[in-house]
Amino acid sequence: RSQDSTLKATYGRAFRAPTPYEMFYGGIDTFIANPNLQPEKITSYELIGEQQFPGRGMVRISGYENMVDHLIEQTLTSDGRITFQNEDTVKSIGIELYSKWAWNKMWSGFAGYGLQNTREINGTPISNTPIHSGSAGLSAWFEPTGTNVSLQSSFVSSRRTFQETTLPATALFSLTLREQPWKVGPTIFASIYNLLDTHYSVSGAAEHLQDAIPQDGRNFILGLEYRFL
């Protein structure tokens, strides 16, 4: 590591035990219990490089590989019923890029991009795992009035559903306004989510009749926040 540059490598192992629902839910026509489920285990490797730009921002790039053994997944039996099984080893490799900047006291922003390939060891792709994903944001701070305005966006590429259909690529935007008119006191905030009222869906699971489940259109929230510390 130098004063403005960092290079590090990380390694980790973890596990997740099956939940009671995954092991014992059954006894009806559509579900079969599986009390023999084993914990799923993940081994992770990551190499991260980061460059700081004093007073302006930073850029970070990382590459990773995750190996998941005995992944717990919903599966369909030959007679169309649902059960949880330990699947083959799943491997995910990818790279991530991230940068944030402050051009001056008023304007700042960030952008990130991820590229991944997630498959079982035998080559079978995993549902609901987009190859491309990203996010970006731009904020403006108006110091005299204590106002902050932020525009944020997120993107995922097309992905396969559990039912083997394809969901199209989706881009979403949100807008947030925060106002603190007093030096000490509450902050007023308002956010609009899915600003462009984009029609999009997420993948259904084995218990759903739909392969794609529609999500909310444009919605908003108004709030008042007060911090005592």
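Predicted model: local features only at pLDDT ≥ 70, side-chain atom pairs only at ≥ 80, totals over all residues.

Mentor: Residues are numbered from 1 along each chain as its sequence is written, and side-chain values use heavy atoms, with hydrogens and water left out.

Trainee: What order do the strands of the open sheet have?

Mentor: Strands (E, at least two residues) are DSSP runs, numbered from the N terminus, and two of them pair if DSSP finds at least two bridges between them. Here 10 strands form an open sheet in the order 1-2-3-6-7-8-9-12-13-16, paired antiparallel. Its edges are strand 1 (5-16) and strand 16 (219-225), each pairing on one side only.

Trainee: Over how many bridges do strand 6 and strand 7 pair?

Mentor: Strand 6 (residues 90-102) and strand 7 (residues 107-120) are antiparallel partners over 13 bridges. Within this pair, Tyr 98 stands opposite Gly 112 of strand 7.

Trainee: Why does Ser 153 count as partly exposed?

Mentor: Buried means under 20% relative accessible area, exposed over 50%, and partly exposed in between (1.4 Å probe, protein chains only). Ser 153 has 22% relative accessibility, so it counts as partly exposed. This serine sits in strand 9 (residues 147-156).

Trainee: Which residues does Ser 153 touch?

Mentor: Contact means heavy atoms within 4.5 Å. Leaving aside residues up to four places away in sequence, Ser 153 touches Gly 134, Ser 135, Ala 136, Leu 172 and Phe 173. Gly 134 is 19 residues from Ser 153 in sequence, with 8.3 Å between their C-alpha atoms.

How values were computed:
Helix = DSSP H or I, 4+ residues; strand = E, 2+ residues; numbered from the N terminus.
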